[in-house]
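Please walk through this fold with the sequence and the model side by side.

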Amino acid sequence: MDISKKSLLTPAEAAKLLHVAPTTIRHWAQIGRLPFISTPGGHRRFDRDDILSLMSKPKSNVKKNISILIIEDDKAFADMLIQFLENLFPHAKIQIAYNPFDAGDLLHTFKPDVVMLDLMMVGMDGFSICHRIKSTPATANIIVIAMTGALTDDNVNRIVKLGAETCFGKPLNFTLLKKTIKQLVEQKKSIP
C-alpha cells in the first residue's frame with residue numbers, strides 16, 4: 001500500500017516520509033515530540049497528519065517571543081514537556097521551576113505568558129500557586145494550564161475556580177494541548 005494514502009504509519013514508514021532513521025522516530029515518540037498510539041501488540045503507530053506537521057512550518061500567528069514557565073517537580077516529565085513545547089513554538093522562551101522558590105522567583109523575573117502547572121507536587125501545592133498567580137495584579141493575566149495525574153471533577157472544578165484556564169490529565173493529550181495553547185495565546189493577544 002502507498003504510504004501517502006495511509007492514515008497510520010509504522011516507525012519505518014514515518015522515518016521514510018521524514019527522511020530520518022527509524023530510531024529517530026522512536027526517540028521523538030519517547031520524548032513526546034511526536035504523538036503516537038499503541039496497537040494491542042504494543043507497536044507504535046503515527047498519525048500521518050502529525051508526521052506532516054513536522055515537515056511544515058507552523059501556521060500559527062502566535063507571537064514568536066511567547067514565554068512559557070513549566071512548574072513541575074518530575075524532572076523526566078518536565079524535560080519531555082519542554083521538548084514538545086520547543087517543537088511547537090521554536091522561538092519560545094521556556095523555563096522550568098522544579099521547586100516553589102524557583103517558581104515564585106521566575107513568575108516575577110521571567111514574566112511568562114503561559115504557566116504549565118502540575119497540581120500534585122512534593123513540597124508544592126499547585127492550587128495555592130494558581131491562587132497566588134491569579135490574585136496578584138502583576139501576574140493575574142498569565143494563562144494557567146493545569147496538569148494532574150489525578151484528573152477528577154473536584155480537582156478540575158477547584159483549579160478552574162481559582163483562575164486556571166483549563167486542566168489536563170496526565171498522560172497529556174498533546175494534540176489537544178497544542179490546540180489549546182495556540183487558542184489561549186491568540187485570544188490573549190486579541191484583547192487590548
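T139 sits in the loop that connects α6 to β9. The model is a predicted one. Is T139 buried or exposed? Its relative accessibility is 4%, so T139 counts as buried. Leaving aside residues up to four places away in sequence, T139 touches L107, H108, R132 and I133.

Helix α6 covers residues 126–135, and strand β9 covers residues 143–148. The helix lies across β4 (67–71), β6 and β9, and its direction makes an angle of about 155 degrees with β6. These strands belong to an open sheet of 5 strands, ordered β5-β4-β6-β9-β10, in which the pairing is parallel. At the edges of this sheet are β5 (93–97) and β10, each of which pairs on one side only. From one strand to the next the twist averages 20 degrees. As background, strands of a sheet pair through backbone hydrogen bonds, either parallel or antiparallel.

Strand β9 can be followed to its partners on both sides. With β6 (residues 114–118), β9 pairs in the parallel sense over 5 bridges. In that pairing V115 stands opposite V144 of β9. With β10 (residues 166–169), β9 runs parallel and is joined by 4 bridges. Here I145 has T166 in β10 as its bridge partner.

The chain reaches β10 by way of a helix. β9, α7 (residues 153–161) and β10 form a β-α-β unit, and this unit is right-handed. Helix α7 also packs against α6: the two axes come within 9 Å and cross at roughly 20 degrees. Angles under 35 degrees count as roughly parallel, and α6 and α7 are therefore roughly parallel to each other. On the α6 side the contact is made by G126, F127 and C130, and on the α7 side by N155, R158 and I159.

C130 raises the matter of disulfides. How many does a search of the whole structure find? The search finds 0 disulfides. For C130, the closest cysteine sulfur is that of C167, 9.7 Å away, which is too far for a bond; the cut-off for a disulfide is a pair of sulfur atoms within 2.5 Å. C167 is likewise in no disulfide, with the sulfur of C130 as its nearest cysteine sulfur. C130 has 0% relative accessibility and so counts as buried. C167 has 12% relative accessibility and therefore also counts as buried, since the limit for buried is under 20%.

Another loop residue, I66, lies between α3 (48–55) and β4. Because its relative accessibility is 0%, I66 counts as buried. Leaving aside residues up to four places away in sequence, I66 touches F89, A92, K93, D113, V114 and V185. One of these, K93, falls within the range of edge strand β5 (93–97), and another, V114, within that of β6 (residues 114–118). L172 is a separate case: 106 residues from I66 in sequence, L172 is 21 Å from I66 in space, C-alpha to C-alpha.

The antiparallel strands β2 and β3 (residues 44–47) are joined by 2 bridges. Within this pairing, S38 has R44 of β3 as its bridge partner.

Helix α1 (residues 11–18) is mostly covered, with 6 of its 8 residues buried. Those buried are P11, E13, A14, A15, L17 and L18. Just after the helix, H19 takes a positive phi of about 60 degrees. What is the angle at which α1 packs against α2 (residues 22–31)? The angle is about 105 degrees, with the axes 8 Å apart. Angles from 65 to 115 degrees count as roughly perpendicular, and α1 and α2 are therefore roughly perpendicular to each other. P11, A12, A14, A15 and L18 of α1 meet P22, I25, R26 and W28 of α2.

Notes: Residues are numbered from 1 along each chain as its sequence is written. This is a predicted model: local features need pLDDT of at least 70, side-chain atom pairs count only at pLDDT 80 or more; totals for chains, interfaces and linings use all residues. Side-chain values use heavy atoms; hydrogens and water are left out. Two strands pair if DSSP finds at least two bridges between them. A crossover is right-handed if, with the strands pointing away from the viewer, the path from the first strand over the helix to the second runs clockwise. Buried means under 20% relative accessible area, exposed over 50%, partly exposed in between (1.4 Å probe, protein chains only). Axes are lines fitted to C-alpha atoms, for helices over the stretch in contact, and angles run from 0 to 180 degrees between N-to-C directions. Angles under 35 degrees count as roughly parallel, over 145 as roughly antiparallel, 65 to 115 as roughly perpendicular and the rest as oblique. Contact means heavy atoms within 4.5 Å.
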